[in-house]
Amino acid sequence: MHPAAKHLKPIWDNNPVHYLLKASVKGGFFFDPHSIMAVLQPLLDLVQLCYEHGVRQAIISPGSRSAALTLAFARHAGIQCTVVMDERSAGFISLGMAQQLQHPVVLVCTSGSAAYNYAPAVTEAFFQHVPLLILTADRPPEWIHQHDGQTIYQSGIFGKHVKESVTLPADYTVEDSRWFINRVVNEALLLTRSAPFGPVHINVPIREPFYPTEDEKAVASPEIRKIERTPTFAQMDRTIWHSILDEWEDSPRILIAVGQMAPDLELNQSLQKITQEFGIPVLGDVISNLSPHEQSIARQDLFLTNDPPKELVPDLLITLGQSFISKNLKLFLRRNPPKQHWHISEDSHIIDTFQTLTKHIPMNPQKFFSQVFEEIDYKRFVQHGENEQEEQFLEAWLSEDRRVRRKMNDYLGNLTLLNEFIAVRFILSNLPQKSILHLGNSMSVRYANFLGIDNEGVEVYCNRGTSGIDGCVSTAIGAAFMTGLPVYLIVGDVSFFYDRNGLMLQTLPDNLRIIVLNNSGGSIFRMIDGPAKQPELETFFETKHSYTAQRTAEDSGLDYLHVDEWTALPKIWETFRSGTKIALLEIKTEAEENVRVMKELKNMVKKN
């Protein structure tokens, strides 16, 4: 605190939200002696509270009604502001930032339809458990539905897709209003990081005048109160815990399935110990971020076809994480329900993806598996006990995984025409060990899921909360802003063009590499029986086009490279990978060839 700050006292003038000040510095704002503070003082205090709760990044979309919020963030020395014109892109850029930081990023927009454009990213953040604080400027409530510009019903605009939504009072002259704002802003910031993390919305009605005059300074009130929440650690009743351990021990065939998760080294170590010591298979999609090792199971979507071996059916299924890509895994477990199914999650919502759930255990997964391992390992050591059925069950899963991996590699290794499958295989095999991979939805993430990633230290992200194609480019841009590691994005052409507004920034991260798989439309619909058999396939499903990404890359100042022959990819890849600025590699393929390869591969890996 500045030495003079302890002598600071507010002196009210005729406007009860003006301060006359005598001293100089507090937090990130500048204190100017004898200056008049901004007319919308509680909004300055809101920004200061964000800073005191650890917020360091704000994404701002230009607008007039949000001017007071924008200027409060822009004039705060401790918060980095990034301007993004398109609110939809802004939402996803903040999502990518918050994924990396695991700390809330603030979004600021003006009133009206601007707020609605945040909805796809907010929804994705909700289902991915990513912390965001959304601040939407609004008109005063008396002007809603009165044919006044940019007025819509903004209170609760995101519905159930935020953890909480609150509207601030428009009148700051009441003492309780300032107290209310201080309290709910504290609560909102705490809630973004309460397990499970997620987005919180604050709607901010703002009256005119909302542009500061020359003599108004960005000064936080000395009466700001930061509210902290003391962390607690839940303890499970020992009787219940012992019953869980007994059920584990009474289950000869246990399968652990991991959905989408952020990288977690300690969790990975616990799961590897469980596999190695107890012979329990652990499987996950490419977005599960499981560390690759000899007993990894990652190609379940290829071998769990219509008639998988019955010896793969578990007695006890244990799931953790969020969404699963593998449709065949879902169908297999729904058709062959285990006797028991536990889901380990701090989320209070009941998640029953496989329609088999018998127990929800509200516990941090890493703590759960670490404790289970320690206690069962000790018990077996004392009793000299082993479970041969567990080893046989593990081997049944491993043998299927190895079989399809071998067949897939043999088939793809003999192809000579460029197609998306071998292109993605090459990319995944040549990623740097310490890098971040973002995957677009539709076929990009599915190719990667079939192939798996064997490189240690590659972190994988994909917007599988809602699995939409929107925002893939912007999310990767946000992630690249927050890390010094190389960030790679593999994205389809339709997804890329849908989100290229994310590239309309003054400065783009030089550590980002974008790979666009351009097949002139959405070829995934040729691989799905339903649309593939319809005469309207090309017109209404595939979105056929003749665009390339070259002009978009040039407009945004990206280095542009292009490949349309398989033999040219290795040399161009080295140029693309080793550049010093953001670059885009466009891989041009034929949709029919991509479909042929996919169908042949699926037939090849079927059990003889």
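Visitor: Which residues make the nonpolar surface patch of about 380 Å²?

Guide: Happy to start there. Patches are built from residues with over 30% relative accessible area and no salt bridge, where like charges are joined within 9 Å and nonpolar side chains (Val, Leu, Ile, Met, Phe, Trp, Tyr) within 5 Å. Areas come from the Shrake-Rupley method with a 1.4 Å probe, and for residues only the protein chains shown count as cover. The nonpolar patch of about 380 Å² is made by Tyr378, Phe381 and Val382.

Visitor: What is the mean pLDDT of the protein?

Guide: This is a predicted model, in which local features need pLDDT of at least 70 and side-chain atom pairs count only at pLDDT 80 or more, while totals for chains, interfaces and linings use all residues. Residues are numbered from 1 along each chain as its sequence is written, and side-chain values use heavy atoms, leaving out hydrogens and water. pLDDT is the predictor's confidence in each residue, from 0 to 100. Here 90% of the residues reach 70 or more, and the mean is 89.

Visitor: How many contacts does the model have for residues 30–38 beyond four places in sequence?

Guide: A contact means heavy atoms within 4.5 Å. Over residues 30–38 the pLDDT stays under 50, and the number of contacts beyond four places in sequence is 42.

Visitor: Which residue forms a salt bridge with Arg238?

Guide: A salt bridge needs a side-chain nitrogen of Lys or Arg within 4 Å of a carboxyl oxygen of Asp or Glu, and the structure holds 22 of them. In this one, the N to O distance is 3.4 Å. The two partners are 137 residues apart, with Arg238 in helix 7 and its partner in helix 11; helices (H or I, at least four residues) and strands (E, at least two) are DSSP runs numbered from the N terminus. The partner of Arg238 is Glu375.

Visitor: Is Asp401 buried or exposed?

Guide: Buried means under 20% relative accessible area, exposed over 50%, and partly exposed in between (1.4 Å probe, protein chains only). Asp401 has a relative accessible area of 1%, so Asp401 is buried.

Visitor: Which residues are linked with Asp401 in a network of salt bridges?

Guide: Arg299 pairs with Asp401, the closest N and O atoms being 3.9 Å apart. Arg299 lies in the loop between strand 12 and helix 9 and Asp401 in helix 12, so this pair ties together parts that are 102 residues apart in sequence. Arg405 also bridges to Asp401, at 3.6 Å, and those two lie 4 residues apart in helix 12, about one turn. The residues linked with Asp401 in the network are Arg299, Arg405 and Asp454.

Visitor: How many disulfides does the count come to?

Guide: A disulfide is a pair of cysteine sulfur atoms within 2.5 Å. Take Cys472 as an example: the closest cysteine sulfur, in Cys462, is 6.3 Å away, so it is too far for a bond. The count of disulfides comes to 0.

Visitor: Which elements do the buried residues of helix 5 pack against?

Guide: Helix 5 covers residues 119–128, and its buried residues include Ala121, Val122 and Gln128. Just after this helix, His129 takes a positive phi of about 65°. The buried residues of helix 5 pack against helix 3, strand 7, strand 9 and strand 17.
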